[in-house]
Amino acid sequence: MRQAIMVLVALATAGAAAASEAPAPLPGWMAGAWEQTASENRWADEYWTPPRGGIMIGAARIGKGEGLGIFEHTRIMRKADGTLAFFAQPFGRPAAEFPMVATGDRMIEFANPAHDYPQRIRYWREGDRLKARISLMDGSKAHDWDYGPPGG
């Protein structure tokens, strides 16, 4: 009987500890306007609202010269179960969901192995730079961005 009580106490304590773990915060360190100017007159910019109401709303554009190649509506939001997910809508198409798989100090990563491309999306900060990488699950076909403040 004493052993059964000890097991129940251990299970209750473990459950309480798991329940008290705070959910991952929205990545407020991504908020702001970001741009990248590359060679051959190529450019990219990305915008993120500060976290509010369980969501960050983003937008991105990639182009060359005065021409627009890609635009995308994005959001990072807290779902009903408390987890975070990244939603991407390139060209306004229906959203693809990428659940959060890792987070750290000024780093967040999302993945969806069932998506064609990308399957993995990672953001991180290095000083005043916002870095981004998309790839397949195994890290192949990686594409990186190195954003700075506008005009920087």
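Which residues do ring pairs link into a cluster? They are Trp48, Phe86, Phe98, Phe110 and Tyr123. Keep in mind as you look around that this is a predicted model.

Let's start with Phe86, which sits in strand β5. Setting aside its neighbours within four places in sequence, you'll find Phe86 in contact with Trp48, Thr74, Arg75, Ile76, Ala96, Glu97, Phe98, Phe110, Ile121 and Tyr123.

Now for the rings themselves. Searching the whole structure turns up six aromatic pairs. One of them joins Phe86 to Phe110 in a tilted arrangement, 5.5 Å from centre to centre and with 40 degrees between the planes. Phe110 belongs to strand β7, so this pair bridges 24 residues of chain. Phe110 is buried too, at a relative accessible area of 0%. Phe86 also pairs with Tyr123, again tilted, at 6.2 Å centre to centre and 40 degrees between the planes. Since Tyr123 is in strand β8, this pair ties together parts 37 residues apart in sequence.

For a contrast, head to the loop between β2 and β3, where you'll find Arg52. Arg52 is exposed, with a relative accessible area of 71%. Arg52 and Met77 are 25 residues apart in sequence, and their C-alpha atoms are 9.6 Å apart in space.

One last stop: Arg122 lies over the face of Trp124, 4.5 Å from the ring centre.

Conventions
Residues numbered from 1 in each chain as written. Predicted model: local features only at pLDDT ≥ 70, side-chain atom pairs only at ≥ 80, totals over all residues. Heavy atoms only, no water. Contact = heavy atoms within 4.5 Å. Helix = DSSP H or I, 4+ residues; strand = E, 2+ residues; numbered from the N terminus. Buried < 20%, exposed > 50% of the residue type's maximum accessible area, 1.4 Å probe, protein only. Phe/Tyr/Trp six-rings, centres within 6.5 Å; stacked < 30°, edge-to-face > 60°. Lys NZ or Arg CZ within 6 Å of the ring centre and 35° of its normal.
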